[in-house]
Structure formats: structure tokens, C-alpha cells
Amino acid sequence: MAADTPVEYIQHHLQNLTYGKLPAGYERVDPYTNDVTVLQEASWTFARTSAEATDMGFMAFHVDTLGWSIFMGILFLTLFRMVAVRVTSGVPSGLQNVVEMSFEFVQGIVRDSFHGRNPVIAPLALTIFVWIFLMNSLKLIPIDFIPQIAQLLGLEYFKIVPTTDPNGTLGISIGVFLLIIFYSVKVKGAGGFAKELSFAPFNHWTMIPFNLVLEILGLITKPVSLALRLFGNMYAGEVVFILIAILPFWIQWTLNVPWAIFHILVITLQAFIFTTLSVVYLSQAHQDH
């Protein structure tokens, strides 16, 4: 669908490639010809318009978010395995130097923030940091480059930055949340974890209902705050890139280059914040009072 106005252009670039189920009798409007087609039976299909994506409901999939997330994960594993196989004991150079710097940086985060004993935490923190950094880095690709290629392939909508989709950031944060619950029960026992929720912050049986509300609410806000913080910062940056793209060509480079350079810091900072908070939350889960 051609974007005739700046508003349509912005809306188009903020819409995900959505695959979902439309019910029988649904009226599909062709975005190019405005022809209406009535579905004779329920169908799984790609959304042609943002309205169709909305009507697909909760069970729809953001294919671009899933695809780029998986691709960045595979890229992370491939690069790090390549370095692990070819590692040398001398002075590191190139990719090996980058990987070793990443190891040392994440090791510092874990050393400062994690106060338990668990060999899984450091590899987990490294995975979270590098994976989110790689996904965030997709933002530095020119805003129209990949979507235009996707349109040539017949894909109407296509976003390439998974962290600008709350479904993507919530998926990672829910994974961290499940680990928090798992290690809380494993380290403290089911009874110990229940006691912690029931008798903190006020250590008296009459305050159990109040404590439970506070503690459960605190648990729930951890993954939500992790996801929304990352999403909000990445989404805002994406909107600025889109706004710059609708300006006259001679102005775009004047604004785009400084913003992209500044965003390199934002990309790294958001990966660092998400990783650090994840390690802190997991450290709290390992503390047996």
C-alpha cells in the first residue's frame, strides 16, 4: 500500500507483518484496488492492512519479529562458536577481540550484581546482552531499505527491529521471570518462597494478605518493567528515524547521521540495563533469608 501522506507513511512503518486467522464471512479489502472479497471459510493468512492485523486478535503472529529474533540468535551463536573454534592464545584481534571484550564486560556485570552460586547465570547474561544488542543494532539499517525489498517480495508490512515490538521484549522478559520463579522455589523451597511472599515486608501473620498483594505485584512488575523499558526506548528511537525519513532529502543526512551515532550509545545502554536488571532479579531469587 503506497503511503500518500506522512501519517500513512508512519503508520505503515510501525505495522508488523502479521499472520493470523480471519473468520468465515470476513470482508477483505484490497489495499490497492479497494475490491472487497468475502471469505467463504475461516482462513490463516497474512494481514493486508492494519485493520486485518487487529481483527486477527491475540493468536496472530508477528512473523517479522519472530524471524529477525531467531536470525539474530543464530548469528550470535554462529559468531561466538566460530571464535571458540579458532581461538588463539596470543594477542586477540578482530572478532576474537570483540567476543573477549563481551565476555569480560558481562563477567563484570555478574560479578558486581549476582551474589549467589550458579554456573548458568554468566552464560545467560552473555546471551541476553549480545542477543538484545544485535536486535537493537538492526535499527541502524536505513529505515526504508528492508521494507522496500519486502514489498518487492509481496510483503506489505515488514519491521526489522524486534525490540520495537512489545511482543518481542515481553517474550524475553517473561523468560527471565520464569527463571526467577524457578530459582526462587529451587533455592528456598516452595514453602520458603511462600513464606517470603507472606511475611515480607511486615513480619506478622495479620499482615499476610497485605504482604501477598505487595510481593505478588512486585513480582509481576519485574517482567513488565523490563519489557516496557526496552520497548519504549527502542520504539521512540524508531519513530524519530521515521520522522527524519519524511523530511526533504537534503535535511535527512544532517539529522540522520548524528541521531544514528547517538543511538549506538542507546542500543548498548538498553542491552546493558536489561541484562543488569535480569541478573539483579535472579540474584534476589537466590537469596535465602
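## First stop: a buried salt bridge

Select Lys139 and Glu238: Lys139 is buried, and Glu238 is buried too, where buried means under 20% relative accessible area, exposed means over 50%, and partly exposed is in between (1.4 Å probe, protein chains only). The two form a salt bridge, with the closest N and O atoms 3.3 Å apart; the term stands for a side-chain nitrogen of Lys or Arg within 4 Å of a carboxyl oxygen of Asp or Glu. This pair links distant parts of the chain, 99 residues apart: Lys139 sits in the loop between H5 and helix H6 (145–152), and Glu238 in helix H8. Helices here (H or I, at least four residues) and strands (E, at least two) are DSSP runs, numbered from the N terminus.

Before moving on, some ground rules. This is a predicted model, so local features need pLDDT of at least 70 and side-chain atom pairs count only at pLDDT 80 or more, while totals for chains, interfaces and linings use all residues. Residues are numbered from 1 along each chain as its sequence is written, and side-chain values use heavy atoms, with hydrogens and water left out.

## Zoom out

Color by secondary structure and you'll get 9 helices and 5 strands. Going along the sequence, the pattern reads α-β-β-β-β-α-β-α-α-α-α-α-α-α. The C-alpha atoms fill a box of roughly 65 × 60 × 35 Å along the principal axes, and 37% of the 289 residues are buried.

Leu39 is in the loop between strand E3 (36–38) and E4, and counts as buried at 13% relative accessibility.

## Follow H8

Now select 208–245. That's H8, with 38 residues and a reach of 55 Å from first C-alpha to last, close to the 56 Å expected at 1.5 Å a residue (the expected span is 1.5 Å times one less than the number of residues). Where does H8 kink? Look at Thr221, shortly before the proline Pro223: the kink there is about 25 degrees, taken as the angle between axes fitted to the seven residues ending at a residue and the seven starting there.

## The other salt bridges

The structure holds 3 salt bridges. Next up is Glu52 with Arg28, whose closest N and O atoms are 2.9 Å apart. Glu52 lies in helix H2 and Arg28 in strand E2 (residues 27–29), so the pair ties together parts 24 residues apart in sequence. Both Glu52 and Arg28 are buried.

Then select Lys188 and Glu196, whose side chains meet in a salt bridge at 2.9 Å, N to O. Lys188 is buried, at 12% relative accessible area, whereas Glu196 is partly exposed at 23%.

## The Phe cluster

Rings of Phe, Tyr and Trp (its six-membered ring) pair if their centres lie within 6.5 Å; planes under 30 degrees apart are stacked, over 60 edge-to-face, and the rest tilted. By this rule there are 12 aromatic pairs.

The Phe105 and Phe129 rings have centres 5.2 Å apart and planes at 50 degrees, so this pair is tilted. Phe105 lies in helix H4 (residues 95–113) and Phe129 in helix H5 (residues 121–137), so the contact ties together parts 24 residues apart in sequence. Phe129 is buried at 8%, while Phe105 is partly exposed at 36%.

The rings of Phe129 and Phe133 have centres 6.4 Å apart and planes at 15 degrees, so they count as stacked. Both lie in H5, 4 residues apart, about one turn of the helix. Phe133 is partly exposed, at 29%.

## Last stop: a greasy patch

Which residues make the nonpolar surface patch of about 950 Å²? Select Trp44, Phe46, Phe58, Met59, Phe61, Val63, Leu66, Ile70 and Ile74. Patch members have over 30% relative accessible area and no salt bridge; nonpolar side chains (Val, Leu, Ile, Met, Phe, Trp, Tyr) are joined within 5 Å, like charges within 9 Å. Areas come from the Shrake-Rupley method with a 1.4 Å probe, and for residues only the protein chains shown count as cover.

Strand E4 (43–46) and helix H3 (63–86) are the elements giving two or more residues to the patch, and H3 supplies the largest share, 4 residues. Finish on Met59, in the loop between helix H2 (50–55) and strand E5 (61–62): Met59 is exposed, at 53% relative accessible area.
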